[in-house]
Each structure stands twice: as structure tokens, then as C-alpha cells.
Amino acid sequence: DDTHPSVVSCAVNVITELSDKNPRNYLHLAPAFFQLLTTSSNNWMLIKVVKLLGSLVPEEPRLARKLLDPLATIVRNTQAKSL
């Protein structure tokens, strides 16, 4: 819930790495990461958020359907080759 972009980026990076080991521990944070996915314009952060949400999908399969539209929008609208 921090408004400072560097704090949010750091938290996303740490949680992304931790979720690789045990994604179930971070499932309750999915709504916050979904909000970042749909509101952030920071390409680096979007890459991390997509990776993080991808690690959560096996734990909550319904999340995959919810991610389809935002991911399609990002792919259609971004100029970044990394996304």
C-alpha cells in the first residue's frame, strides 16, 4: 500500500522471488498484485507482477481467467519488447 514507486518495486521483487518457493503463502496478496498489473506503467514491475501472478495460478486456477483481459491489453498496447 506504499505510494513510493521504489518501495513498491522492491516489495514486488522480494515477493516474486519468495513466491517461487511457496506461492501459497502469497495467494492472499493476489488482489493487490492484480491492481498493480492493471494500473502500473512501469515495464520492469509489470514483468515481475506477471511472473508472480503466474506462480500463483497453480494455487488458484480461477486466477488464470481473470488475468486474460489485462494481459491481452498489455500485449496489445505496449511498445516494450520485454513485455
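Analyst: What follows covers the basis of the values, then the salt bridges, the helices and the core.

User: What kind of model is this, and what are the pLDDT limits?

Analyst: It is a predicted model, in which local features need pLDDT of at least 70 and side-chain atom pairs count only at pLDDT 80 or more, while totals for chains, interfaces and linings use all residues. Residues are numbered from 1 along each chain as its sequence is written, and side-chain values use heavy atoms, with hydrogens and water left out.

User: How many salt bridges are there?

Analyst: There are five salt bridges, a salt bridge being a side-chain nitrogen of Lys or Arg within 4 Å of a carboxyl oxygen of Asp or Glu. One of them pairs Lys48 with Glu17, at 3.6 Å from N to O. Lys48 lies in helix 3 (residues 43-56) and Glu17 in helix 1 (residues 5-21), so this pair ties together parts that are 31 residues apart in sequence. Helices here are DSSP runs (H or I, at least four residues), numbered from the N terminus.

User: Are those two residues buried or exposed?

Analyst: Lys48 is buried, with a relative accessible area of 15%, and Glu17 is partly exposed at 40%. Buried means under 20% relative accessible area, exposed over 50%, and partly exposed in between, with a 1.4 Å probe and protein chains only.

User: Which Lys does Glu17 meet at 3.9 Å?

Analyst: That is Lys51, in a salt bridge with the 3.9 Å taken from N to O. Glu17 is in helix 1 and Lys51 in helix 3, so the pair ties together parts 34 residues apart in sequence. Lys51 counts as partly exposed, at 40% relative accessibility.

User: What does Arg24 pair with?

Analyst: Arg24 forms a salt bridge with Glu59, and their closest N and O atoms are 2.9 Å apart. The two sit in distant parts of the chain, 35 residues apart: Glu59 in the loop between helix 3 and helix 4 (62-77), Arg24 in the loop between helix 1 and helix 2 (30-39). Glu59 is partly exposed at 26%, whereas Arg24 is exposed at 56%.

User: Switching to helix 3. Which of its residues are buried?

Analyst: Met45, Leu46, Lys48, Val49, Leu52, Leu53, Ser55 and Leu56. The cover over them includes helix 1, helix 2 and helix 4. At the start of helix 3, a side-chain oxygen of Asn42 comes within 3.0 Å of the backbone nitrogen of Trp44.

User: And helix 1, where do its buried residues point?

Analyst: The buried ones are Val8, Ser9, Val12, Ile15, Thr16 and Ser19. Seen down the axis of helix 1, they fall within an arc of 140 degrees (from the directions of the C-beta atoms off the helix axis), so they line one face of the helix. They pack against helix 2 and helix 3.

User: What does Ser19 touch?

Analyst: Not counting residues up to four places away in sequence, Ser19 touches Tyr26, Leu52 and Ser55, where contact means heavy atoms within 4.5 Å. Ser19 is buried, at 1% relative accessibility. Its side chain makes a polar contact with that of Ser55 at 3.1 Å. A polar contact is a pair of N or O atoms within 3.5 Å; within protein, one must be able to donate a hydrogen and the other to accept it, and residues adjacent in sequence count only if both atoms are side-chain atoms. A polar atom of the Ser19 side chain also lies 2.9 Å from the backbone oxygen of Thr16.

User: Now the largest nonpolar core. Which members touch the most others?

Analyst: Of its 18 residues, Val12, Phe33, Leu36, Leu37, Val49 and Leu53 do. Helix 1, helix 2, helix 3 and helix 4 each supply at least two residues of this core, and the largest share, six residues, comes from helix 3. A nonpolar core is a set of buried Ala, Val, Leu, Ile, Met, Phe, Trp, Tyr and Cys residues joined through side-chain atoms within 4.5 Å.

User: What is Leu53 in contact with?

Analyst: Leaving aside neighbours within four places in sequence, Leu53 is in contact with Ala30, Phe33, Phe34, Leu37, Leu63 and Leu67.

User: Where is Phe34?

Analyst: Phe34 is in helix 2 and is buried, at 19% relative accessibility. With the neighbours within four places in sequence set aside, Phe34 is in contact with Leu53, Lys66, Leu67 and Pro70. Phe34 and Pro70 are 36 residues apart in sequence and 8.8 Å apart in space, C-alpha to C-alpha.
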